[in-house]
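Subject: Structure handover

Hello,

Here is the structure for your files. My notes follow below it.

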2 protein chains.
Amino acid sequence: MSPTKKVCILGSGNWGSTAARIIGNNVLKLPDFDDSVKIWVYEEIVGRKKLTEIINTQHENVKYLPGHKLPENVVAVADAAEVVKDATHIVVVIPHQFIQNLLDTIHGNILPNAQAISLIKGIGISSQGMTTMTQIIHRTLTISVSSLSGANIANEIAEEKYCETTIGCSDPDEAIVWRSLFNTSYFQVNCVNDVIGVEFCGALKNIVAVGAGFIDGLGLGNNTKAAIIRIGFLEMRRLAMHISGAQIQDSTFMESCGMADVITTCYGGRNRRLAEEFVKTGKSMPQLEQELLNGQKLQGYLTAGEVHSYINSCGVNDHFPLFTNIYEICYQGKHPRTIFDGLNVDFSRDTLTPSPVT
Amino acid sequence: MSPTKKVCILGSGNWGSTAARIIGNNVLKLPDFDDSVKIWVYEEIVGRKKLTEIINTQHENVKYLPGHKLPENVVAVADAAEVVKDATHIVVVIPHQFIQNLLDTIHGNILPNAQAISLIKGIGISSQGMTTMTQIIHRTLTISVSSLSGANIANEIAEEKYCETTIGCSDPDEAIVWRSLFNTSYFQVNCVNDVIGVEFCGALKNIVAVGAGFIDGLGLGNNTKAAIIRIGFLEMRRLAMHISGAQIQDSTFMESCGMADVITTCYGGRNRRLAEEFVKTGKSMPQLEQELLNGQKLQGYLTAGEVHSYINSCGVNDHFPLFTNIYEICYQGKHPRTIFDGLNVDFSRDTLTPSPVT
């Protein structure tokens with residue numbers, strides 16, 4: 001059987017390079033996939049050499065995933081249009097602020113039967129509602145788009161430490177193929193029929209992690225952190241129901257992209273860490289972003305602001321006391337101890353009605 | 001209004017003394033409760049003095065909750081029958097192996113209209129099914145019995161660090177009273193109509209904590225631990241459904257006694273710690289119990305054995321790969337790395353039918 005499918009990867013940061021390691025190895029065992037995997041690398045000079053050259057000769061992304069070899073069938077290319085032109089399967093894994101530019105570049109160069117999967121964290125929420133990365137990709141490219149998210153700190157996966165992930169895919173046959181590209185003995189893939197639910201979990205958990213970081217900064221214990229994680233998780237589910245109506249499935253929250261990712265992010269990760277520093281140093285979030293993230297935006301801080309503008313415009317703040325408290329601590333100077341104010345909402349008797357599906 | 005109710009506490013260990021601090025303060029604000037709270041203390045000599053005397057003069061349980069004063073209206077008494085004789089509300093908080101002896105002592109001395117609440121962790125599971133502490137108490141005393149469990153490491157509560165707990169109570173009016181005895185600004189009580197579900201969560205989470213300890217012992221990361229917590233949590237829910245049919249409510253697992261307690265126990269607590277030592281030292285569980293717990297039994301290890309005998313006799317091991325792996329590692333000398341074997345069970349398509357309600 002000659003290969004009829006070909007996968008490419010758009011993005012070569014820490015997570016993209018980790019995905020390239022997995023996919024590069026997997027395609028060699030999949031007869032209907034071409035062995036070659038092109039990966040789009042935003043060209044930069046690293047120690048007087050082009051990063052694409054380094055990857056194609058040393059088979060290592062020395063800048064974003066140092067210490068882990070990439071399979072030799074992974075080929076770095078600096079031109080995104082060139083990367084996608086013969087691909088049936090497109091993996092998108094770039095920072096979300098660059099997505100529209102990239103889509104405009106590759107639009108017109110993709111195969112008509114191509115499919116995509118988004119590994120991007122982050123969704124856009126405003127007073128109008130929610131826009132996910134798969135929706136943005138689908139609107140520009142008009143192809144089928146799936147999502148992948150989970151308790152997936154990239155370096156731990158590169159070290160082949162066991163974990164799980166979730167693929168959201170609306171077509172069962174497509175799901176089987178995506179799973180075959182990603183699943184390994186140490187990276188276990190579960191598929192669900194809920195594309196935006198998977199994305200929603202991946203974005204919202206960062207607000208909860210900011211709350212968990214406040215708890216660490218206040219020097220409180222395991223009980224307190226578990227309470228914040230539990231309440232945050234329930235507010236995520238409530239918000240999903242309110243913002244998307246029946247589009248998001250409740251069971252998605254029990255997958256790796258839901259419960260497991262919330263836990264991972266509340267114990268590791270930079271959202272938790274910056275929030276701890278916020279409490280301990282008294283510095284503002286923008287100041288900490290400058291000092292600790294080279295000016296990059298902290299996802300949980302951004303999302304807390306977006307979610308607040310949504311729930312505020314809907315007048316449902318009372319149903320989201322934790323998200324509201326985190327917003328007010330981050331943006332309005334309230335003391336981190338106010339995180340506990342009014343948290344005793346009874347989630348079992350839910351009087352919040354879903355907004356109409358947009 | 002003269003008080004018509006009186007609460008007593010059976011048990012004065014770390015958790016019992018913490019509960020006495022809360023209840024002792026709360027009754028002073030409850031006009032229908034007598035101000036005096038008798039607490040049964042298993043008499044022992046601490047530094048040449050009786051523990052009851054120390055508590056009644058220094059107002060501190062110097063052995064089991066040092067550094068935290070008890071309210072002066074909490075009165076230590078060495079005779080359990082004396083403690084219960086005029087109590088309308090009995091809080092039971094002793095190690096579960098002593099429960100039957102204690103019940104035989106107080107049986108015949110309690111008021112006919114008394115109610116009890118169990119704070120005891122641990123249930124009995126055999127090939128015949130499950131027996132909970134509230135069932136044991138109810139069978140002997142034939143009074144109404146509720147349960148309380150949550151993400152509640154006692155010392156953190158004594159330090160008044162914010163947390164939540166869950167009361168399982170089948171009567172809404174009784175639930176309001178129990179809540180008024182326990183709820184404080186830092187100890188938030190949610191009530192559910194599911195007495196044994198609350199107990200079930202409190203016991204089963206210890207198996208998951210043993211699994212989490214193995215992960216720590218193996219030096220794996222946050223992703224892996226979150227995966228084990230997620231899968232363990234889902235196996236707890238499956239076992240609840242199988243063992244008790246419709247008796248246990250699914251929503252109970254989202255309360256503090258469920259999700260939050262699993263998280264707390266997998267990051268703190270002695271089940272996790274001993275399991276980590278088990279991997280690092282290669283010593284057996286009974287040996288570690290001798291060395292680190294003065295011969296006390298480790299709850300998670302015990303429960304893993306009991307659960308295994310149940311699922312084995314029902315022939316449903318395949319539906320509980322994590323619990324089975326943890327059992328085989330603890331009892332049959334399998335390598336801790338085998339914890340990942342066969343974990344990719346799809347819990348969303350559940351083919352396991354509940355056993356008949358016993």
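Tyr162(B) is buried, at a relative accessible area of 5% (buried means under 20%, with a 1.4 Å probe and protein chains only). This is a predicted model: local features need pLDDT of at least 70, side-chain atom pairs count only at pLDDT 80 or more, and totals for chains, interfaces and linings use all residues. Residues are numbered from 1 along each chain as written, chains are lettered from A and ligands numbered from 1 in the order written, and side-chain values use heavy atoms, without hydrogens and water.

The structure holds 15 aromatic pairs over all chains (Phe, Tyr or Trp rings, the six-membered one for Trp, with centres within 6.5 Å; stacked under 30 degrees, edge-to-face over 60, tilted for the rest). Phe340(A) and Tyr162(B) are stacked, because their ring centres are 4.3 Å apart and their planes at 15 degrees. Phe340(A) follows α14 (321–332) of chain A, while Tyr162(B) sits in the loop between α6 (154–158) and β11 (163–168) of chain B, so the pair joins two chains. Phe340(A) is also buried, at 12%.

Now the interface. 37 residues of chain A contact 37 residues of chain B (heavy atoms within 4.5 Å). About 3400 Å² is buried between them, 57% of it from carbon and sulfur atoms (accessible area lost on putting the two parts together, 1.4 Å probe, summed over both). Tyr162(A), Asn223(A) and Arg230(A) supply 23% of what chain A buries there, more than any other three residues.

There are four salt bridges between the chains (Lys or Arg side-chain nitrogen within 4 Å of an Asp or Glu carboxyl oxygen). One links Glu255(A) and Arg230(B), closest N and O atoms 3.8 Å apart.

Best wishes

Technical notes. Helices (H or I, at least four residues) and strands (E, at least two) are DSSP runs, numbered from the N terminus. Buried means under 20% relative accessible area, exposed over 50%, partly exposed in between (1.4 Å probe, protein chains only).
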